[in-house]
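Look over the sequence and structure, then read on.

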Amino acid sequence: MTEAASRADFSAIRYAQCWEDADVLVAALDPQPQHVCLSIASAGDNVLAMLSRGPARVIAVDLNPAQLACLELRVAAYRELEHAELLELIGSRPGSRRPVLYQHCRTGLSTDARSFWDGHSGEINQGIGGAGKFERYFATFRTRVLPLVHSRRRVERLLAGGELAGREEFYSREWDTWRWRLLFKIFFSRFVMGRFGRDPAFFRYVEGSVAERILARTRYALTALDPAANPYLQWILTGTHTTALPYALRPENFDAIRRNLDRLEWSRSSIEEYFDSHRALRIDRFNLSDIFEYMSPENYRRLLERLLAASNPGARLAYWNMLAPRSRPDALAGRLRPLDELANQLFTQDKAWFYSRFVVEEVIG
């Protein structure tokens, strides 16, 4: 059993959306037609984003059957629905047809996934993009905390974006109030986030103030980045996507994802378990989400060594640090090369801003 599996609860949907920026991920990994890719499944969005580039094979793994049910329903939706219907099912657009849309997708699900979603009709009615613990955490912030600080009109003004100088002035003069800072630090504290957002076990290796770090990154997202082009911010503040969509939901990527669905497979397992049962497999591109956040430095190094053993020369790894710093240890310097210039440049564009670092590393052939 992996360290994360032994400590965290994996019995329900933790993330109903992927909260890592797929634009950054796809640019970092640059999947090519000959590549075999391995990805943490999560809710499936970033797996599908990688698929849009037409690699030979994309393998999604996850310990949580509820997360795989999220991926399965998305796959069925890309097969059975039109683009506008997909957005309605997710909750990116308003609508009253979600139960009917689900029925169109239902026959394409495995028995386990069908049973799971049949038991979650309320989440389907509201839009499956809001069905996770993390999304409910953001919904509580949006409906109970944010109105104590800012009016709906002020939120709309923030999300309208505009020129950089105007965004900075708006943030300083109207958004960054003492009440905003106080309630933000309470709601995004280690205790509250662990209880209502992420699993408390995921903070085991975190040091220092969680809220302070996220607040500093939030200022960056609300000023240096354009809120009008940020689907992650829009969902957090409004519960839907207003003027921007994540990579996998954009109309220009829909047909490519649908066309390549037969190249996708998934497994309920850890990465280690998957490699144990596929010893001859070699991977070219890894999307590792932020899984190292939940591991001790020792276990992180051990897993890196497993990944290297299953990699082709020139393979790339992409992953995020949120609160626990993880990057290639010196002991692996002869086998793994940091691509810091690429990673840092992409991190400045990262619309899922709450991470502290984006890491890209390349296997030395």
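## Overall build

Of the protein's 365 residues, 57% count as buried (under 20% relative accessible area; exposed is over 50%, partly exposed in between; 1.4 Å probe, protein chains only). The model is predicted: local features need pLDDT of at least 70, side-chain atom pairs count only at pLDDT 80 or more, and totals for chains, interfaces and linings use all residues. Residues are numbered from 1 along each chain as its sequence is written, and side-chain values use heavy atoms, without hydrogens and water.

The protein has 19 helices and 7 strands (DSSP runs, numbered from the N terminus: H or I of at least four residues, E of at least two). Its C-alpha atoms fill a box of roughly 55 × 50 × 35 Å along the principal axes.

## Nonpolar cores

The largest nonpolar core holds 91 residues. Such a core joins buried Ala, Val, Leu, Ile, Met, Phe, Trp, Tyr and Cys residues through side-chain atoms within 4.5 Å. Helix α4 (residues 65-80) gives the most to this core, with 10 residues. A second, separate core has 28 residues, including Tyr274, Leu281, Leu288 and Val359.

Trp117 and Phe358 have the most contacts inside the largest core (contact: heavy atoms within 4.5 Å). Not counting residues up to four places away in sequence, Phe358 touches Val24, Ala28, Ala318, Tyr319, Trp320, Ala343, Leu346 and Phe347.

## An exposed tryptophan

Trp178 is found in helix α12 (residues 178-187). Trp178 is exposed, because its relative accessible area is 56%.
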